[in-house]
There are 2 protein chains.
Amino acid sequence: MSEIRKHYFLEEYCIIAAGRGKRPSDFSSSPEFQNAASCVFCAGKEDKTPRAMAVYKNGRILQDSISKLIREWQIRCIPNLYPALSPGGADTPYQSGYGFHEVIIETPQHEKKLTDFTDEEIVLLMKAYRDRVMYYWKQPQIQFVSLFKNWGKQAGASLEHTHSQLIALPLIPPSIKKELDVIHEKSKCPYCEIVKIESSNERSVYENKHFIAFTPYCSKVPFEIWILPREHVSHFGGMSERMLYSLGAAIIYVLSRIEALLAFPAYNYMFFQLLQDDAYHFNLRIQPVTSKMAGFEKNTEIFINTMPPEKAAYYLNNEISGLNVH
Amino acid sequence: MSEIRKHYFLEEYCIIAAGRGKRPSDFSSSPEFQNAASCVFCAGKEDKTPRAMAVYKNGRILQDSISKLIREWQIRCIPNLYPALSPGGADTPYQSGYGFHEVIIETPQHEKKLTDFTDEEIVLLMKAYRDRVMYYWKQPQIQFVSLFKNWGKQAGASLEHTHSQLIALPLIPPSIKKELDVIHEKSKCPYCEIVKIESSNERSVYENKHFIAFTPYCSKVPFEIWILPREHVSHFGGMSERMLYSLGAAIIYVLSRIEALLAFPAYNYMFFQLLQDDAYHFNLRIQPVTSKMAGFEKNTEIFINTMPPEKAAYYLNNEISGLNVH
């Protein structure tokens, strides 16, 4: 059973997730990835996970049942076996750790990376993202749906097989609340302003009809990239199929460039969006994991970044690989 | 040359520190520690570092000069060779990245850990902390002095030889500003309230005449520990020699217990204090590094902690080592 706890006097929260009953010795070293043979996310291992809530297969969306597990799927969405939050006992959503935690298995193939996806596969993933986000946001008492991807052990992934995660929360998280307070004070959407500032400039990395990608002026980490819709859209549900296609193309392009330059680094990406407030402007942030959050960052919440975003954009735009010339 | 940049529309900052002129390939993997023979923090290598600003030796505080480097020291404070911020060009403190960055070498001995320090050695370190914090806070335009320790590669240390770091900033960081805003709204100091709540309870870990140590109710990471003075003191400069002694004793006790339970983990500790506002209550936060900050934390600023602080305190108080029983 989890518990959502608030800081003594600040608008800060943590989730105490004691489900796994860990002992001190479990924290000594990080576990190795399982090998492909024992991976429970692979095709054929459907009976080794909780039953799927949604399975994408040949243009249809299905569900596992007690009597039948769906095989030969393209994308499979399952409850996390060790949920940070879980439904039940919703009368006291904080103390009972109410919420949902889902894993989106992006492909049945163990060795496939997101950057290997075909156009068709990436647009299907964007649709699955949209569907699952909308589904969970409509559940009782859910205030925010966090959708993110941890790729590689250094980025916090515990399994190698490519997947995303979704955690639905009974509160608006501090990150979004802080932004909303400022957005509400302004007469224009600050993200719409950012789209103007960061289009076709020295920090631009990619543009298509619907989205721009750039290294933000105040980048927290080397090679951080933001992807913003040009049009003011608040969440996945406001996107047309063409927009979803453009978003997928932007993600694939940017990740391919990061992988070429940084020799396949671990990375996180996170979707920032809000269903219940049109003032918010959807955005995606991609952060390669190349440095540690150390004492200074934990003391000040100020990040020291040794790669100026202008230089990062130059490399992303001009160098074929990070290892080829000096 | 560094630059302090503000977020597009939030009170967030980052420091762009391009000093080392890194290329993409430099971000691919984290470097190994140098071995003891090539360590520039060791006794006898004084000529391999920038000249010391303060050297603690036999009850005196000295400085290196061009003609003479101090040898046989106990603690040595040197400018960081790759500073995040540096003095000069103070007319535009943000764009010029104005500030100071110092390394406090805590002992001349390479293999010595903080938990091996004698009472005399730890109290001398606390005095050096106090002196250096007070010195930098009084420099022109300095608004905050961040004092922290990164121990172990996973905690962001780039050298093995035990040391702390101090970065003096021309702004009050977001972490402190956020706290101050709430503190000023309250009629009583919320940290004084926390001292009452967290004394002799299920989260208590250590108490002495001047300080209490406990696992905070809203612990961000497993085995996080806060050390608070019982008395309302805002910064190092307000502490008597006896208080400094008690603080050192609390740090050594708590770190010894963490090392025994978690088999010598990497850790960060950070001092939170403020010179220019008596409303702030000095505190020290110790965070062992046993988990990664992943996509969910980066999306929401909410931490998932798999070790309830009550259970962490139980282990810290009752188990001899984390590996002995199951």
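Begin by selecting helix H4 of chain B, residues 241-262, whose 22 residues should span 32 Å at 1.5 Å a residue, and whose end C-alpha atoms are 32 Å apart, which agrees; the expected span is 1.5 Å times one less than the number of residues. Helices here are DSSP runs of H or I with at least four residues, numbered from the N terminus. This is a predicted model, in which local features need pLDDT of at least 70. Residues are numbered from 1 along each chain as its sequence is written, and chains are lettered from A in the order in which they are written.

Select next Ala263(B), which follows H4(B) and has a positive phi, near 55°.

Moving to chain A, select H1(A), residues 119-137, and H4(A), residues 241-262, which pack at about 115° with axes 9 Å apart. That makes H1(A) roughly perpendicular to H4(A).

Finally, select helix H2 (174-185) of chain A and helix H2 (174-185) of chain B, the elements that each give two or more residues to the lining of the second largest pocket. Among the 24 lining residues, those closest to the centre of this pocket are Pro174(A), Lys178(A), Asp181(A), Lys178(B) and Asp181(B); lining residues have an atom within 4 Å of a point on a 1 Å grid, where a pocket is an open set with protein on both sides within 12 Å along at least five of seven lines.

How values were computed:
This is a predicted model: local features need pLDDT of at least 70, side-chain atom pairs count only at pLDDT 80 or more; totals for chains, interfaces and linings use all residues. Side-chain values use heavy atoms; hydrogens and water are left out. On a 1 Å grid over the protein atoms alone, a cavity is a set of points where a 1.4 Å probe fits but cannot get out, and a pocket is an open set with protein on both sides within 12 Å along at least five of seven lines; lining residues have an atom within 4 Å of a point. Axes are lines fitted to C-alpha atoms, for helices over the stretch in contact, and angles run from 0 to 180 degrees between N-to-C directions. Angles under 35 degrees count as roughly parallel, over 145 as roughly antiparallel, 65 to 115 as roughly perpendicular and the rest as oblique.
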